[in-house]
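Colleague: Could you take me closely through one part of this model, namely the charged side-chain pairs along the helices, with the residues that sit beside them in the chain? I would like the criteria stated as you go.

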Amino acid sequence: MLTETGRQTLARIEDLQSQVSAAIFAKLTADEQDRLERLLATFVGADGPRQEPQGGTS
């Protein structure tokens with residue numbers, strides 16, 4: 001469990017990450033943005049069948 005300071009720090013990091021991502025994305029051409037979106041979708045598995053968890057207990 002995070003302390004209040006930890007939650008504030010995490011929120012600030014997430015905010016900075018969002019700002020950096022938006023700044024980078026804004027400098028890309030439309031084609032580069034499309035290619036990046038497709039690459040990220042592939043990376044997170046959004047463009048294919050979902051993987052079922054292997055092993056473990058339910």
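Modeller: What follows is a walk through the salt bridges and the helix ends. The model is a predicted one, in which local features need pLDDT of at least 70 and side-chain atom pairs count only at pLDDT 80 or more, while totals for chains, interfaces and linings use all residues. Residues are numbered from 1 along each chain as its sequence is written, and side-chain values use heavy atoms, with hydrogens and water left out.

Helices here are DSSP runs of H or I with at least four residues, numbered from the N terminus. In the segment before helix H1 (4-26) lies Thr3, whose side chain reaches the backbone nitrogen of Gly6 at 3.1 Å; this is a polar contact, that is, a pair of N or O atoms within 3.5 Å, where within protein one atom must be able to donate a hydrogen and the other to accept it, and residues adjacent in sequence count only if both atoms are side-chain atoms. Thr3 is exposed, at a relative accessible area of 52%, where exposed means over 50%, buried under 20% and partly exposed in between, for a 1.4 Å probe and protein chains only.

With a salt bridge taken as a side-chain nitrogen of Lys or Arg within 4 Å of a carboxyl oxygen of Asp or Glu, the count comes to four. One of them joins Glu4 to Arg7, with the closest N and O atoms 3.1 Å apart, and both residues lie in helix H1, three residues apart, or about one turn of the helix. Glu4 is partly exposed at 44%, and Arg7 likewise counts as partly exposed, at 41%.

Further along helix H1, Arg12 and Asp15 are also three residues apart, about one turn, and form a salt bridge whose closest N and O atoms are 3.1 Å apart. Arg12 has a relative accessibility of 47% and is partly exposed, as is Asp15 with 34%.

In helix H2, Asp34 and Arg38 are four residues apart, again about one turn, and their side chains meet in a salt bridge at 3.0 Å, N to O. Arg38 is partly exposed at 47%, and Asp34 is partly exposed at 35%. Helix H2 itself covers residues 30-44, and its 15 residues reach 21 Å from the first C-alpha to the last, close to the 21 Å expected, the expected span being 1.5 Å times one less than the number of residues. Just after H2, Gly45 takes a positive phi of about 80°.

Terms used: Helices (H or I, at least four residues) and strands (E, at least two) are DSSP runs, numbered from the N terminus.
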